[in-house]
Amino acid sequence: MKVSYPSVQSFYKREVQAEKEPAADASPVKVGDGFTEEELSDALDPLSRKWNPEREYEEMSIVQLIPGPRAVTFVGRIVNLTTFFGDTPKQPKAAGFHSLIAKDDSGAISIKLYFARDQYPLKLGQLLSFWTVFISDTSKIGSSTVSAVTVCANMFPGRVTSDHIMIHTTGSTDGICHTPLEYKKGQPLPGLMTLDTWLKGGHDGVTGAKILVCVKSLGGRKTIRRKDGAESDLADVGLFDHTGEVPMTLWNSQIDSCKDWQPGTTILLLSSPGYKVQFSGKGSVGILHQTMIDVEPDFPDADWLRKYAAGLMKKESLNVVWPEGVWDVEAAEYGVVRMLFTLAELDRWVRSDGNQTFTGMINVTIMEMSLVSLHRRNMLMCAECCGVPIYSNALTIPCRNCSTPLALSLNPRIIGTLLDETGSIAPGKLLWSTRAWEMLFGRNVEEITAMTGEEVRSFEQRVCWLRCHLVVGWAEEVGRLGVLGVLM
Ligand SMILES: [Zn+2]
């Protein structure tokens, strides 16, 4: 062990002990420091303070910013965000800072944004306005590895009176600052590659590599304990394009960003993403210091992926939500015109004239049932939320990610292959109405979920190899054959 010698400073007591007190306790009544309530709240909550600057700030785009002293204002969207807590030697009054990259359509700037007490409610993709009087050159600091970012700024709104930021939350600013950097109309975006190419080697040594992905799923927040004993939160976001899938890990303050993302809808453009190998040996995306994430980028490739994703999600989703009011159940079952289709006829009918809405009957044998196995695996009921399928034997369950209470429907995979003389229907392809389930089981859904293992087994044995009439309906907007009723 090293012998520690007393330093010169240790012989002198610190004069101003009050400075080390946390800002939260700095009540003006107690300390009597001469500040008014308003001044104090302005310093602690700079977002809500009145901003009437005495000097004039020149409005600029980010690419126009030149290192040096100058009062400037600019807007940009957050494309990278990390938050640090604790004392910083440069700003002893700060409780921490956000390290972020903001970008507009012209360029990007790296910003260190200090906060006195509470962190700012920042999210990736948010539009911010900045006012500051000094722009620095990242190459002089020598810390920058972000090639696209040549300027930076240190800001402490509330403490430094010439600094201010504003978070735009109104819809009127939705359309601006969405064009990717380096994008030129009619030309492919430099460095853009498919997920498959990136995973198979494009991540290695290609500077400025970009991947364009759609959010597939949002994982729940997990807490892990690091080696040094501190706790960290993380959440995995599933991403995909037309060539592959990859998970991306968000840490701590980044997790809030994904709360607004919609599986199957939200498009992200990742510039210089980090490549990490998971325990499984598969690749994953990490957010590095130089990574830029454009949320909902505006260029033709993004439009294409958005359309592709919408089609794919429709095809792959569990699709258990019954469309109300599409078919006339009474007429289909008891009406004068009741068409009896073979599966081959039905297939031909839908393929040749699929935009019609019609109902009819099919007469099929239930070749197999998965009722017993799904019941045992606690997967009798299912629902979909945050892009993730959720299973349970219970009627309702909260989503693991967003905690929304979900009403579950019976799992369509309970019914295995259906067969007639002309064809078959694979498990899970039909969309069952609650009415049809209740007719098949002879009890309501609540009673079905309450069935014991013994009841489930004897019911499965009874229904297997049963030949029955299904009242079915087709509609183009549903895209699946719906089962309206069951006639034994
Ligand atoms: Zn959810």
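Author: The second largest pocket holds about 880 Å³ of space. A pocket here is an open set of points on a 1 Å grid over the protein atoms alone, with protein on both sides within 12 Å along at least five of seven lines, and lining residues have an atom within 4 Å of a point. Grid points are joined across faces, edges and corners, and the volume is the space filled by probe spheres set on the points. The model is predicted: local features need pLDDT of at least 70, side-chain atom pairs count only at pLDDT 80 or more, and totals for chains, interfaces and linings use all residues. Residues are numbered from 1 along each chain as its sequence is written, and side-chain values use heavy atoms, with hydrogens and water left out.

The second largest pocket is lined by 35 residues, of which T249, W251, N252, Q254 and I287 are the closest to its centre. Two or more lining residues come from each of β2, β3 (96-103), β11 (231-240), β12 (245-251), β14 (274-277) and β15 (283-286). Strand β2 gives the most, with five residues. Strands are DSSP runs (E, at least two residues) and helices likewise (H or I, at least four), numbered from the N terminus. By class, the lining has 15 nonpolar, 15 polar and five charged residues. Ala, Val, Leu, Ile, Met, Phe, Trp, Tyr, Cys and Pro count as nonpolar, Asp, Glu, Lys and Arg as charged, and the others, Gly among them, as polar.

Three cavities of 30 Å³ or more are found in the whole structure, a cavity being a set of points where a 1.4 Å probe fits but cannot get out. The largest cavity holds about 50 Å³. Its lining is P412, I415, G416, L418, I425, A426, P427, G428, K429, L430 and W432, which divide into eight nonpolar, two polar and one charged.

Now the charged pairs. The whole structure has 18 salt bridges, each a side-chain nitrogen of Lys or Arg within 4 Å of a carboxyl oxygen of Asp or Glu. R467 and E421 form one of them, with the closest N and O atoms 3.0 Å apart. R467 lies in strand β27 (residues 467-474) and E421 in the loop between β24 (418-419) and β25 (424-425), so the pair ties together parts that are 46 residues apart in sequence. R467 is partly exposed at 35% relative accessible area, whereas E421 is exposed at 65% (buried is under 20%, exposed over 50%, partly exposed in between, with a 1.4 Å probe and protein chains only).

R70 is in β2 (residues 68-85) and E58 in strand β1 (residues 58-59), 12 residues apart. R70 is partly exposed at 34%, and E58 is partly exposed at 37%. Another salt bridge joins D118 and R117, at 3.4 Å between the closest N and O atoms. A network of salt bridges links R221, D233, D256 and K259.

Last, the nonpolar surface. V336, V337, M339 and W349 make a nonpolar surface patch of about 440 Å². Within it, V337 is found in the loop between α6 (329-334) and β17 (340-341) and is exposed, at 67% relative accessible area. Patch residues have over 30% relative accessible area and no salt bridge; like charges are joined within 9 Å, and nonpolar side chains (Val, Leu, Ile, Met, Phe, Trp, Tyr) within 5 Å. Accessible areas come from the Shrake-Rupley method with a 1.4 Å probe, and for residues only the protein chains shown count as cover.
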